[in-house]
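This report covers backbone angles and nonpolar cores. Look over the sequence and the model before reading on.

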Amino acid sequence: AKPVLKFDHAGNFFGSQANMKNAVSVYVREADGEWAALTIPVYPNGTSWNFVNSDDIALSAYVGKTVQFGFKYTSPASGDIGTWEIKNFNVCEAPFSMSATTPAEFANTAATGSFTITTKNADGYTITAALKDATQTWISNIAVASNTVTFDVAANTGNARSAAIVVTATNGTNTKTIEVAISQAAGA
């Protein structure tokens, strides 16, 4: 339904990542058709044998079709002549992922807070958020809109406190959750 290509690759002796990007590319075509360039999202630095994952390369235009892949290396006439290595070539269903950055500690005063959710391959997922522990009533009015979770934090007159907001993504058959820690400084 949502296929992606991914592979690990390393490049050395290119002199820079920019040189490597100019020298290597990946193509796809329907069986014996015209080659179309694909965009490789992540490249190695071009100056070591450290493998990095290409990240997902979308193949949605080729669902249900027989395809061929071509890896192309063009050596420059002079200058840095690199070596490109590829392993763990994989065509698979696009995996869903979700992450968020923890907000900084809140002062002891009342405030409105927020954090951004970063999703990948989230088509068909519904995202909700709620307190992990409903007794932590100093956090209220939790809402999700456009991959941003907003909430209110009550003023604190006691000890420093912490809680967690659980963000859940569901697409009917799969459920993924992450927890985001919220903390507040002690009262005056």
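Phe 13 has a relative accessibility of 48%, so it counts as partly exposed. The model described here is a predicted one. Phe 13 sits in the loop that runs between β1 (3-12) and α1 (17-23). Its phi is near 70°, a positive value in a residue that is not glycine. Most residues other than glycine have a negative phi.

Asn 147 is another non-glycine residue with a positive phi, about 60°. Asn 147 is found in the loop between β11 (139-145) and β12 (148-153). With a relative accessible area of 29%, Asn 147 is partly exposed.

## The largest nonpolar core

In soluble globular proteins, nonpolar side chains tend to be buried together. The largest nonpolar core in this model holds 20 residues. Phe 115, Phe 151, Val 167 and Ile 182 have the most contacts inside this core. Two or more residues each come from β9 (111-120), β10 (126-131), β12, β13 (161-170) and β14 (175-184). The largest share, four residues, is given by β13.

Apart from neighbours within four places in sequence, Ile 182 is in contact with Pro 103, Phe 106, Phe 115, Trp 138, Ile 139, Phe 151, Arg 161, Ser 162, Ala 163 and Ile 165.

## A second core

A separate second core has 15 residues. Among them are Phe 7, Phe 14, Ile 40 and Trp 84.

Methods: Residues are numbered from 1 along each chain as its sequence is written. This is a predicted model: local features need pLDDT of at least 70, side-chain atom pairs count only at pLDDT 80 or more; totals for chains, interfaces and linings use all residues. Side-chain values use heavy atoms; hydrogens and water are left out. Buried means under 20% relative accessible area, exposed over 50%, partly exposed in between (1.4 Å probe, protein chains only). A nonpolar core is a set of buried Ala, Val, Leu, Ile, Met, Phe, Trp, Tyr and Cys residues joined through side-chain atoms within 4.5 Å. Contact means heavy atoms within 4.5 Å.
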